[in-house]
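Visitor: I would like to learn how to read a model feature by feature, with the criteria stated as we go. Could you take me through one?

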Amino acid sequence: QNSATQRGMSRYDLPLGPLHLIPPIALEALAFDTTKIDMTPYSSLSSSKQPPPPPPQTSKSVNRCVTLWAYIDEQDGKVLDAGLERTLISTPIALSFNDASNILDGGDGDSRGVFRSEIFKDRTHVLSKIRAVLSVVERNLALWSNHNQQTNQAARKREERLSARELVAKQQQHRSGGSGRRRGGNNNKQQLSDDGRDGFQRTRGHKLVDNALDLYGYGVSSLLRRAKAPIPRASGSGALRRGGRVASAPLRRYIDGMAQRQALSVLCGYGGPPLTRNECSKANQLADKANNAITNLRSLKSTATTAMKGTTASSQQQEALRLLQAELVNKKNRPIPAISTGRQNEVSIMGIGATAKCRGVKGTLKPGKKVMVQVRQLDAEKGTLSVSLVRES
């Protein structure tokens, strides 16, 4: 607890590697005992004679969990009833975002080597069960999410921001091609890397997890409010009635761990007496102090960005500008479509992915705003681009 109090949150973008909220040995002890599936495609093996990877290790142990259950109206997405319980579950199967999305899209998994282990004697049956479960969960969560956006302005604005960010990311990934590889199955299409190297993504797997975390936070905060219990909550995370997640990342954020503890105490009668309002306020202050301290640590991303600015432009930007230069030969410098990235009137040229600050803007451009711009200056070798606003779409 002392370690979590001092760190406030986990950071994964530091030059010397990740800094976890609690020691890795404790994280490992708290982690689920899962069946991990090797999704490496056969085509990626260095030699056709190379033997397949060893089967996943499983055990008969059970996992202790905190489970939010909810009944969702299949007509309008309202939560009819919900509760929080301490539960035991059997060994789950671990899937990546791309793997879950592929299964939801109808991928059969054969060419990707899914479920090669002998423990899955009927992998077709297992795969169909996984697809059925994911499909039902996805449908019900999407129903609730849509209802939440209709009744909650903060949730609606958050969805607008994420949609805009997704659209901008797709333009920028278009120019780089991504570092992901082609994956097998029924949908033989380019998939981006799951580790964040290819930028922001919102696959079906991402949206499913995102909606599940939103519902968990909504359910926990609603149940605690109904019990008239105070909720530990860091500053800047939004008012309880305006959305924002509660207790959804207890192993990554100190304040979420305290909120989870409060929920277990109030709703499950476990873990000691509930926190008082003064204790919740103290937890908020400690979280703010720790978050401010760790936020000041220079991230690996910002360090790389600074180094790049001090030397040359990125090769991706240069490649995109060469493509744009070739496009402008035919268009004779006519206005071209772009989309705002939401960063200080920066825009990304649609279909190309090159970025530039947009001049002539009165005020600021909202993220995802589509505009028409005119190129004023372009130097592909230096990676510089200057555009001005012609009109907003």
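This is a predicted model: local features need pLDDT of at least 70, side-chain atom pairs count only at pLDDT 80 or more; totals for chains, interfaces and linings use all residues.

Visitor: In which helix is Q171 found?

Guide: Helices here are DSSP runs of H or I with at least four residues, strands are runs of E with at least two, and both are numbered from the N terminus. Q171 is found in helix α5, which covers residues 153-176. Residues are numbered from 1 along each chain as its sequence is written, and side-chain values use heavy atoms, with hydrogens and water left out.

Visitor: Is Q171 buried or exposed?

Guide: A residue is called buried under 20% relative accessible area, exposed over 50%, and partly exposed in between, using a 1.4 Å probe and protein chains only. Q171, with a relative accessibility of 11%, counts as buried. Across the chain, 38% of the 393 residues count as buried.

Visitor: Which residues does Q171 touch, not counting those up to four places away in sequence?

Guide: Contact means heavy atoms within 4.5 Å. By that criterion, and leaving out residues up to four places away in sequence, Q171 touches I339, S348, I349, M350, G351, I352 and G353. The C-alpha atoms of Q171 and A354 are separated by 8.5 Å, although these residues are 183 apart along the chain. For the chain as a whole, among contacts between residues at least 6 apart in sequence, 65% join residues at least 24 apart.

Visitor: What covers the buried residues of α3?

Guide: The cover includes α4 and α6. Helix α3, residues 97-104, has seven of its eight residues buried, namely N98, D99, A100, S101, N102, I103 and L104. Just after α3, G106 takes a positive phi of about 100°.

Visitor: How many salt bridges does a search of the whole structure find?

Guide: Side chains of opposite charge can pair when their charged atoms come close. The criterion for a salt bridge is a side-chain nitrogen of Lys or Arg within 4 Å of a carboxyl oxygen of Asp or Glu, and the search finds 13 of them. One of them joins E74 and R139, at 3.7 Å from N to O. E74 lies in the loop between β2 (63-72) and β3 (79-89) and R139 in helix α4 (residues 123-151), so the pair ties together parts that are 65 residues apart in sequence. E74 is exposed at 52% relative accessibility, and R139 is partly exposed at 44%.

Visitor: Which residues are linked with R245 in a network of salt bridges?

Guide: The network links R245 with R158, D210 and D214. Within it, the closest N and O atoms of R245 and D214 are 2.8 Å apart. R245 lies in the loop between α6 (204-226) and α7 (254-268) and D214 in helix α6, so this pair ties together parts that are 31 residues apart in sequence. R245 is partly exposed at 24% relative accessibility, while D214 is buried at 19%.

Visitor: How many disulfides are found in the whole structure?

Guide: A disulfide is a pair of cysteine sulfur atoms within 2.5 Å, and the search finds zero. As for individual cysteines, C268 is partly exposed, with a relative accessible area of 24%, and C280 is buried at 3% relative accessibility.
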